[in-house]
Amino acid sequence: MAADTTSVYVYGIVPADVEPEPHATGVGDPPGEVTVVRHGEIAALVSALESDRPLGTPDDLTVHAELLDGSAVVAPVLPLRFGAVMTDAEAVENELLEANEDEFRAALKELEGRAQFVIRGRYVEDTILRELLDENAEAARLREEIRDKPEDATRNARIALGELINQAIETKRAEDTRTTVSELETFEPLVNQREPSHEEDAVHIAVLVELARQQELEDTLRRLAEGWDGRVELNLLGPMAAYDFVTKRAPEG
């Protein structure tokens with residue numbers, strides 16, 4: 001591959017003593033070899049990329065995330081937004097690392113020993129619907145009004161019921177999210193409340209916590225789910241790079 005047809009793809013910023021895993025591969029077909037560009041106490045995880053190669057395939061996104069998430073388990077990582085491409089290694093060192101050295105070093109220090117987890121809870125449809133109908137007499141009345149009747153004949157009632165249910169779920173989502181965040185206070189986390197990814201989402205938050213407390217975090221969420229007694233399916237994703245808290249964009253290369 002000729003030198004003038006390649007660029008450098010940048011995944012994220014790490015401490016200078018980080019070494020890529022021997023099997024680590026990057027974006028591209030064939031996959032690029034992941035290497036490190038260093039400057040002082042900081043470094044960038046990079047790989048060579050054909051300059052005219054389009055980015056953004058599902059495989060590219062997966063490779064980008066897997067490399068950063070795997071790195072976040074063993075070292076602090078500042079993830080760059082997907083698609084960060086610079087002209088060459090010299091540009092990475094001078095225009096990215098040197099130009100942002102103090103900021104990157106301070107951010108890595110803040111992330112030392114911490115990683116992001118995503119907590120996602122979804123209401124169990126039948127259970128939450130019974131709960132809403134028990135609590136809301138008007139919703140229960142509308143439910144009876146449309147039972148076993150043609151859809152065309154009950155259109156207005158169905159719309160009204162749907163609106164009541166959506167409003168009630170929004171209220172419960174806010175309450176259950178507050179409950180979850182309160183349960184996590186002992187971890188002194190950074191918290192980012194994400195937009196719901198589904199109309200029946202109960203909780204969708206990202207937290208930045210100490211990696212050493214992962215088991216404690218899992219136990220806390222297990223107790224919370226047990227207290228909800230089957231009304232919410234709760235899942236924990238991570239550890240992963242701190243996308244919600246420190247994602248950076250590389251300068252144009």
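These legends go with a set of close-up views of one predicted model.

**View 1**
Start with helix H1, which runs over residues 58–72. How far apart should the ends of its 15 residues be? At 1.5 Å a residue, the helix should span 21 Å, and its end C-alpha atoms are 21 Å apart, so the two agree. Now look for the buried residues of H1: Asp60, His64, Leu67, Leu68, Asp69, Ser71 and Ala72. An α-helix has 3.6 residues a turn, so residues three or four places apart point the same way. The cover over the buried residues of H1 includes strands E1 (6–15), E3 (42–50), E4 (78–79), E6 (114–123) and E9 (232–240). Helix H8 (243–246) is also part of that cover.

**View 2. Asp201, a buried residue in a strand.**
Asp201 belongs to strand E8, which covers residues 201–210. Is Asp201 buried or exposed? Its relative accessibility is 0%, so Asp201 counts as buried. Follow the side chain of Asp201 and you get to the backbone nitrogen of Ser197, at 2.7 Å. Leaving out residues up to four places away in sequence, Asp201 touches Gly121, Arg122, Tyr123, Arg173 and Pro196.

**View 3. Helix H4 crossing helix H6.**
Two packed helices are described by the angle between their axes and the distance between the axes. Here, H4 (residues 125–135) packs with H6 (residues 155–183) at about 100°, and the axes are 11 Å apart. An angle from 65 to 115 degrees counts as roughly perpendicular, so that is the word for H4 against H6. Which residues of H4 and H6 meet? From H4 come Ile128, Leu129, Glu131, Leu132 and Glu135, and from H6 come Ile165, Ala168, Ile169 and Lys172. Sorted by class, this contact of H4 with H6 has six nonpolar and three charged residues, with no polar ones. Within H4, the buried residues are Ile128, Glu131, Leu132 and Leu133. These buried residues of H4 pack against strand E6, helix H5 (137–146) and helix H6.

**View 4. Helix H4 again, this time with helix H5.**
H4 and H5 pack at an angle of about 110°, with 5 Å between their axes. That makes H4 roughly perpendicular to H5. On the H4 side, Leu129, Leu133 and Glu135 make the contact, and on the H5 side it is Ala137, Ala139, Ala140 and Arg143. The contact of H4 with H5 has five nonpolar residues, two charged ones and no polar ones. Pick out Ala140 in helix H5. With a relative accessibility of 27%, Ala140 counts as partly exposed. Where does Leu161 sit relative to Ala140? Their C-alpha atoms are separated by 8.7 Å, while along the chain Ala140 and Leu161 are 21 residues apart.

**View 5. Two cis peptide bonds ending at prolines.**
Find the peptide bond from Asp29 to Pro30, which is cis, with omega near 5°. Pro30 is in the loop that links E1 to strand E2 (35–39). Another cis peptide bond joins Gly238 and Pro239, and its omega is about 5°. Pro239 is part of strand E9.

**View 6. Two loop residues with positive phi.**
Glu188 isn't a glycine, yet its phi is positive, near 50°. You'll find Glu188 in the loop between H6 and strand E7 (190–193). Is Glu188 buried or exposed? Its relative accessible area is 65%, so Glu188 is exposed. Next comes Asp229, a non-glycine residue with a positive phi near 50°. Asp229 sits in the loop between helix H7 (214–228) and E9. With a relative accessible area of 66%, Asp229 is exposed.

**View 7. Val246 in helix H8.**
Val246 is part of helix H8. Buried means under 20% relative accessible area, and Val246 has 16%, so this residue is buried. Which residues does Val246 touch, not counting those up to four places away in sequence? They are Val77, Leu78, Pro79 and Leu111. Take Leu111: along the chain, Val246 and Leu111 are 135 residues apart, and their C-alpha atoms are separated by 9.3 Å.

How values were computed
Residues numbered from 1 in each chain as written. Predicted model: local features only at pLDDT ≥ 70, side-chain atom pairs only at ≥ 80, totals over all residues. Heavy atoms only, no water. Helix = DSSP H or I, 4+ residues; strand = E, 2+ residues; numbered from the N terminus. Expected span 1.5 Å × (residues − 1). Buried < 20%, exposed > 50% of the residue type's maximum accessible area, 1.4 Å probe, protein only. Contact = heavy atoms within 4.5 Å. Polar contact = N/O pair within 3.5 Å; in protein donor to acceptor, adjacent residues only side chain to side chain. Axes fitted to C-alpha atoms, helices over the stretch in contact; angles between N-to-C directions. Parallel < 35°, antiparallel > 145°, perpendicular 65-115°, else oblique. Nonpolar A, V, L, I, M, F, W, Y, C, P; charged D, E, K, R; others polar.
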